[in-house]
Amino acid sequence: MPTMWPLWLLTSLLALSQALPFEQKGFWDFTLDDGLPMLNDEEASGADTTSGVPDLDSLTPTFSAMCPFGCHCHLRVVQCSDLGLKTVPKEISPDTTLLDLQNNDITELRKDDFKGLQHLYALVLVNNKISKIHEKAFSPLRKLQKLYISKNHLVEIPPNLPSSLVELRIHDNRIRKVPKGVFNGLRNMNCIEMGGNPLENSGFEPGAFDGLKLNYLRISEAKLTGIPKDLPETLNELHLDHNKIQAIELEDLLRYSKLYRLGLGHNQIRMIENGSLSFLPTLRELHLDNNKLSRVPTGLPDLKLLQVVYLHTNNITKVGVNDFCPVGFGVKRAYYNGISLFNNPVPYWEVQPATFRCVTDRLAIQFGNYKK
């Protein structure tokens, strides 16, 4: 039986809209990101850190007597998780700001399920059995910014999402297609998590992401065989780990020049074409672990801001003295604070110390014995 979230914790999370999507940890963080932390500066987000903040005055106690049977209601938070509900409950107070319906047996969202909830800021529907959503189900939710509807039975992106939406978590469903126009009008959206769906490259219609200015996108644990070429060019973070990508060709990353973090771990990448990484001048973190690379990718020394590189569990047999650091001084603006090379068939005793001349500390380099 899943653990019920304490009411005080649910309430405190309303202030998290000031955090960057990729820095949310613990309870709200469904990204399951196991990487090293990014630099904690605001410029990495590209987001307006003052937008989407709920009015703190709305957190004052409400004395409404309306509360669905079996639920817990406090400080405009309505918690109805883990109750075996088949439908969205009635008698939800119209001043509700956060509605938690996770871990139930809801199968459908009907037209009037959220009628009158014009102040709702966050809606949690994780781990239900939702397979059908009425086209007007979300119409009353004019202030909704966070929609968490992961771990359901959806086969398509819900239609007519609220234009106020900032964050959509829809991973672990059954979505195979992202049609053009499905995100129309979502000018405030900056984070989409859609991993764990059986999406192939052909499932993205041309123009599917038109109009979106995302900071963060995760399409992990899908069926991609290459890097999608039509994603928003505003992205700061792109996570495509646990797919079936086999190569990075020259122009695959051409439109993603604003990336700070790129996750390509747990794929089948054997080749990264020379010059491919030159399109990522602001990259700070690169995950290429658990692939089939036979050498360190070329172009790393030219990435002046790169600080973290995961290359462990590949087939790398040699590390050259200039594979990571530029020749000369004053070229690299940020030193490495993490390079992982363990579980590669490279004789680490043959690697020259000068190879890591632009690393902050010896402890930042992770070698290890190779085991077949």
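Mentor: What follows is a discussion of confidence, disulfides, aromatic pairs and the core.

Trainee: What is the mean pLDDT of the protein?

Mentor: This is a predicted model, and its mean pLDDT is 85. Of its residues, 81% reach 70 or more.

Trainee: Where does pLDDT stay under 50?

Mentor: It stays under 50 over residues 1–63. The model has 118 contacts beyond four places in sequence for that stretch. Where pLDDT is low, the predicted coordinates should not be read in detail.

Trainee: Changing topic, how many disulfides does a search of the whole structure find?

Mentor: The search finds three. With the bonded cysteines numbered in sequence order, the pairing is 1-3, 2-4, 5-6.

Trainee: What is the geometry of the link between Cys67 and Cys73?

Mentor: The sulfur atoms of Cys67 and Cys73 are 2.0 Å apart. The torsion about their S-S bond is about 85 degrees, so this disulfide is right-handed.

Trainee: And which cysteine does Cys71 join?

Mentor: Cys71 is joined to Cys80, with an S to S distance of 2.1 Å. That disulfide is right-handed as well, because the torsion about the S-S bond of Cys71 and Cys80 is about 115 degrees.

Trainee: Are Cys67 and Cys73 buried, exposed or in between?

Mentor: Cys67 is partly exposed, at 27% relative accessibility. Cys73 is also partly exposed, at 32%.

Trainee: What about Cys71 and Cys80, buried or exposed?

Mentor: Cys71 counts as buried, with a relative accessible area of 11%. Cys80 is buried too, with a value of 0%.

Trainee: Which hand does the link of Cys325 and Cys358 have?

Mentor: It is left-handed, with -85 degrees about the S-S bond. Cys325 lies in the loop between strand 16 (308–310) and strand 17 (338–340), and Cys358 lies in the loop between strand 17 and strand 18 (365–366), so the pair ties together parts that are 33 residues apart in sequence. The sulfur atoms of Cys325 and Cys358 are 1.9 Å apart.

Trainee: How accessible are Cys325 and Cys358?

Mentor: Cys325 is buried at 1% relative accessibility, and Cys358 is buried at 6%.

Trainee: Let us move to the rings. How many aromatic pairs are there?

Mentor: The count comes to eight. One of them is formed by Phe356 and Phe367. Their rings are edge-to-face, 5.9 Å centre to centre, with 75 degrees between the planes.

Trainee: Where do Phe356 and Phe367 lie?

Mentor: Phe356 is in the loop between strand 17 and strand 18, whereas Phe367 is in the segment after strand 18, so the pair ties together parts that are 11 residues apart in sequence. Phe356 is buried at 11% relative accessibility, while Phe367 is partly exposed at 27%. Both belong to one aromatic cluster, which also includes Phe324, Tyr336, Tyr348 and Trp349.

Trainee: On the core, which residues touch the most other members?

Mentor: They are Leu109, Leu123, Met194 and Phe324, in a largest nonpolar core of 87 residues. In soluble globular proteins, nonpolar side chains tend to be buried together.

Trainee: What does Met194 touch, leaving out residues up to four places away in sequence?

Mentor: Its contacts include Ile157, Ile170, Val178, Leu199, Phe204 and Phe209. Also among them are His171 and Arg218.

Trainee: Finally, where is Ala122?

Mentor: Ala122 is in strand 5, residues 122–124, and it is buried, with a relative accessible area of 1%. Beyond four places in sequence, Ala122 touches Thr97, Leu98, Leu99, Leu144 and Lys146.

Trainee: How far apart are Ala122 and Asp100?

Mentor: Ala122 and Asp100 are 8.2 Å apart in space, C-alpha to C-alpha, and 22 residues apart in sequence.

Technical notes:
Residues numbered from 1 in each chain as written. Predicted model: local features only at pLDDT ≥ 70, side-chain atom pairs only at ≥ 80, totals over all residues. Heavy atoms only, no water. Core = buried A, V, L, I, M, F, W, Y, C linked by side-chain atoms within 4.5 Å. Buried < 20%, exposed > 50% of the residue type's maximum accessible area, 1.4 Å probe, protein only. Contact = heavy atoms within 4.5 Å. Disulfide = S-S within 2.5 Å. Helix = DSSP H or I, 4+ residues; strand = E, 2+ residues; numbered from the N terminus. pLDDT = per-residue confidence, 0-100. Phe/Tyr/Trp six-rings, centres within 6.5 Å; stacked < 30°, edge-to-face > 60°.
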